[in-house]
Amino acid sequence: MIKISKNIISLVVCCAMFFIIYGSAEAQSLKLQLGMSGEAVYLLQSKLQELGFYSGELDEKFGSGTLNAVIRFQEACDLEADGIVGAQTLAALHQYKTGNISSRGQMTRRPEKNIGSFAQKFINIPYQWGGSSPSGFDCSGFICYIFNQYGIFMPRMADEQFKVGLAIRVSELKAGDLVFFSTYEPGPSHVGIYIGNDQFIHASSAAERVIITALSKPYYQARYLGARRML
């Protein structure tokens with residue numbers, strides 16, 4: 001008698017269930033997002049794994065790994081890359097066939113104007129000293145991760161990042177530029193990404209998460225060192 005792996009059976013069953021769920025009326029109101037868990041998340045992970053976008057554990061938890069996979073899939077399908085699985089993303093998952101898109105979920109180089117928008121997908125991700133992934137970022141690790149998705153490989157530390165790119169004045173700032181500050185030690189010890197309208201996004205140790213802050217906030221205005229343009 002042929003023995004079939006339990007995991008294979010589970011994957012086949014879950015994929016079938018995924019299409020049943022998608023075809024139901026409930027799919028129109030179904031939304032899966034960061035922090036959720038359960039069978040629907042398991043089905044989502046299984047489908048993303050089948051399509052080559054997810055390589056993590058099928059743990060039924062919508063964590064940073066699943067979030068990243070969803071964003072990559074949405075980017076590949078030219079959907080709004082908000083990391084939330086709603087009706088449009090479900091439809092794309094249902095219709096997608098491996099090889100439809102040459103990148104197969106690999107991050108492509110984005111236009112400069114989208115760096116700030118992409119970075120904002122990670123608002124509220126926890127601050128983690130030494131972190132450089134969506135499970136947790138420190139300030140320079142956040143920069144490394146974001147720019148790596150654009151094929152730009154940055155030095156790991158803020159003081160090293162301050163040495164690369166084109167130095168620009170505050171009046172010349174555009175979305176996607178890096179802004180540097182002297183905070184807990186002399187020299188460039190904190191960095192963020194300017195997103196326009198006097199705001200920058202950064203991994204804040206004080207807030208313990210990724211946040212958006214006004215560049216004109218007195219604390220940062222007093223500690224501002226300069227800006228660099230990488231694109």
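Patches here are built from residues with over 30% relative accessible area and no salt bridge, like charges being joined within 9 Å and nonpolar side chains (Val, Leu, Ile, Met, Phe, Trp, Tyr) within 5 Å. You are looking at a predicted model, where local features need pLDDT of at least 70, side-chain atom pairs count only at pLDDT 80 or more, and totals for chains, interfaces and linings use all residues. Residues are numbered from 1 along each chain as its sequence is written, and side-chain values use heavy atoms, leaving out hydrogens and water.

Start by selecting Glu39, Glu57, Asp59 and Glu60, which gather in a patch of negative charge on the surface. Glu60 sits in the loop between helix 2 (39-50) and helix 3 (64-76); helices (H or I, at least four residues) and strands (E, at least two) are DSSP runs, numbered from the N terminus.

Next, pick helix 6 (residues 139-148): 9 of its 10 residues are buried, so it is largely enclosed by the rest of the structure. Buried means under 20% relative accessible area, exposed over 50%, and partly exposed in between (1.4 Å probe, protein chains only).

Now for a salt bridge (a side-chain nitrogen of Lys or Arg within 4 Å of a carboxyl oxygen of Asp or Glu). Select aspartate 177 and arginine 229, whose closest N and O atoms are 2.9 Å apart in such a bridge. Aspartate 177 lies in the loop between strand 3 (166-168) and strand 4 (178-181) and arginine 229 in strand 8 (residues 224-229), so the pair ties together parts that are 52 residues apart in sequence. Aspartate 177 is buried at 1% relative accessible area, and arginine 229 is buried at 17%.

Technical notes: Areas by Shrake-Rupley, 256 points an atom, 1.4 Å probe, with all protein chains shown as cover. Lys, Arg positive; Asp, Glu negative; His and termini not counted. Charge placed at Lys NZ, Arg CZ, Asp CG, Glu CD.
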